[in-house]
Amino acid sequence: MLNGKTVVLGVTGSIAAYKIANLASMLVKLGADVQVIMTENATNFINPITFESLTGNKCLVDTFDRNFQFNIEHIALANKADVFMVAPASANIIGKIANGIADDMLTTTIMACKKKKIIAPAMNTNMYENPIVRDNIKKLAAYGMEIVAPATGYLACGTTGAGKLADENLLLDYILREIAYKKDLTGKTVLVTAGPTIEAIDPVRFISNHSTGKMGYAIAKCAMLRGARVILITGRTGISPPPFTEVVPVLSADDMYKAVIKRKDEADIIIMSAAVADFTPLNVSEEKIKKANGGLSVELKRTKDILYEAASDKKPGQFICGFAMETENLIENAAAKLKEKNVDMIVANDLKTEGAGFGTDTNVVTLIKKDGITELPKMSKNEVANAVLNEIIFHKNI
Ligand code: CTP
C-alpha cells in the first residue's frame, strides 16, 4: 500500500517514544521506506538501534554525526519525505518548531521539508494545558500542520488527564490518509451502510444476524483514504469505525431507513453492505412472554427494504450499489435483486464458499451490473473494498 513512499518519523523525548517502534514496524510492513530522526533526549527513552533494526535505515540523531554526510542529510531527507510525522512531540519540540528554531537534525529537517507535517503531542496534562503550549500548537495548525489530539488517560507521571500519545493505529491512519492510494474520490461523498440491524422482541431479546460490519467498514475506510467524504450509517458492531468518517449509529432497520433517507441526497455513491434484518416482531408484550410458558409464537412484520427505497428515489447521476448474500444460485438471485431493486451494481457473495461472508477477513465476490459480470478471486475485505470502488469509479467515469 505504501510502496515507493517515504515516511519520516521524528521522535522526541517522551516516555511514549517506545510506541513509535510499533508504528515504524507497521509502516515497513505496508511497504514504506521509513526514516527515523531522534532528538538527543529521545535516545534516553528508546535506543536508535531499535528503529534501525525495524526500518533497515540509519536512525539519525545528531546533525554533526561524522559517519555520514551531515551537511546535506537533512535537506536530502526533507526532499525525500512524502509525509513527516513528529510523534511523540514534546512541549519543547512544539515550542521550537512554532518559533522557527532549527538547532538539531530533527528541527532542521522539519524546517527544510515542504510536505505535510503531522504533529502528535504527548506530555504531562499540566504542560499540555499550559497556555504557551496551547498557543504554540495553534500556531503549528495555522501553518498548515495537522495536529493529532492526544488521548485522555493514565499518564506515566501518575496523573490522569489529556496528554497521552494517540494510539499507534490512529497515527498510522493519519499517515495513510495523507499518502495511501490515489485520491480519486476527492470531492465525492460516499454513503455506506454497514453491520447488522437488530429488532427488539422485548427490552431483553432481539432478532438479528451474524454481520460483523467488517466489509462495510473496509469500504468506508478505503473510500476515506481515497479522498471521499464518508457517511457511515452503522448498526451495532464490535469493531471501531474508521476515523475521519461521519458515523451515524443506528440499531433497528427502521432507524437505518430513516438515517439513509435523511442523508442519501448528500451522496454521489451509495453502498449498502448492511445485513438488514428482514423481519421485526409485532405486538409482543411482556405479558404475552410471561404467559407463553415456553410456547410463544411471535408475529413478524417485514422491515422496509432500504436499498429499494433509496434506489426508487435516486438523485440523477448517483450510483447505488447493494450487496447480496446468497446460499444458492448466486448469479441468478443476485441478478434478480439488481433488477427488482433497480440498482447499478450488486456485490454478490456465496455464503457457502470458504473465505466468504460474515466474520472472516476475506471475501469472495462477484460484481453484477446490467452490462456484465466480474468474478473476483478470494481477497482480503480491504482488497474487495478497493475493487468495488474501482468498478464504481470506472463505471461513473470519475
Ligand atoms: N437490504 C435493505 N433493506 C432490507 C433488506 C436488505 O436495504 N430490509 C439491502 C442489503 O443491505 C443489501 C441488499 O438489500 O444491500 C440485499 O440484501 P439481502 O439480504 O441479500 O436481500 P433481501 O432483499 O433481504 O432478500 P433475501 O434476504 O430474501 O435474499
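Let me start with the ligand: the space it takes up is the largest pocket of the protein. Keep in mind that what you see above is a predicted model.

Two elements each give two or more residues to the shell around the ligand, namely helix α12, residues 306-312, and strand β16, residues 319-326. Of these, β16 gives the most to that shell, with 4 residues.

Which residues come nearest to the ligand? There are 15 residues around the ligand, and the nearest are Met272, Ala274, Phe323, Lys337 and Lys341. Sorted by class, the shell has 8 nonpolar, 2 polar and 5 charged residues.

Now the backbone contacts. A backbone N or O atom of Met272 lies 2.7 Å from an oxygen atom of the ligand. For Leu307, a backbone N or O atom is 2.8 Å from a ligand oxygen atom. For Met325, the distance from a backbone N or O atom to an oxygen atom of the ligand is 3.2 Å. How much of the ligand does the protein cover? On its own, the ligand has 560 Å² of accessible area, and the protein covers 79% of that.

The largest pocket holds about 760 Å³ of space. It is lined by 35 residues, and the closest to its centre are Ala274, Ala275, Val276, Phe323 and Met325. Ala274 and Phe323 were also on the list of residues that come nearest to the ligand.

Which elements supply at least two residues each to this lining? They are β8, residues 189-194, then α9, residues 214-225, and also α12 and β16. Here too β16 gives the most, with 4 residues of the lining. By class, the lining of the largest pocket has 14 nonpolar, 13 polar and 8 charged residues.

On to the second largest pocket, with about 590 Å³ of space. Its lining has 23 residues, and Lys214, Tyr217, Ala218, Lys221 and Asn382 are the closest to its centre. At least two lining residues come from each of α8, residues 168-179, α9, and α14, residues 381-396. Which of the elements has the largest share? That is α9, with 6 residues of the lining. So far as class goes, this lining divides into 13 nonpolar, 5 polar and 5 charged residues. Note that α9 also supplies at least two residues to the lining of the largest pocket.

I will finish with two points about the backbone. As background, most residues other than glycine have a negative phi, and most peptide bonds are trans.

Is the peptide bond from Ala87 to Pro88 cis or trans? That bond is cis, with omega near -10°. Pro88 is found in strand β3, which covers residues 83-89.

The other point is Tyr181. This residue has a positive phi of about 65°, although it is not a glycine. You will find Tyr181 in the loop between α8 and β8. Both of those elements have come up already: α8 supplies at least two residues to the lining of the second largest pocket, and β8 supplies at least two to that of the largest pocket.

Technical notes
Residues are numbered from 1 along each chain as its sequence is written. This is a predicted model: local features need pLDDT of at least 70, side-chain atom pairs count only at pLDDT 80 or more; totals for chains, interfaces and linings use all residues. Side-chain values use heavy atoms; hydrogens and water are left out. A residue is near a molecule or strand if one of its heavy atoms lies within 4 Å of it. A polar contact is a pair of N or O atoms within 3.5 Å; within protein, one must be able to donate a hydrogen and the other to accept it, and residues adjacent in sequence count only if both atoms are side-chain atoms. Accessible areas come from the Shrake-Rupley method with a 1.4 Å probe; for residues, only the protein chains shown count as cover. On a 1 Å grid over the protein atoms alone, a cavity is a set of points where a 1.4 Å probe fits but cannot get out, and a pocket is an open set with protein on both sides within 12 Å along at least five of seven lines; lining residues have an atom within 4 Å of a point. A molecule sits in a cavity or pocket if more than half of its atoms lie within 2 Å of its grid points. Ala, Val, Leu, Ile, Met, Phe, Trp, Tyr, Cys and Pro count as nonpolar, Asp, Glu, Lys and Arg as charged, and the others, Gly among them, as polar. Grid points are joined across faces, edges and corners, and a volume is the space filled by probe spheres set on the points.
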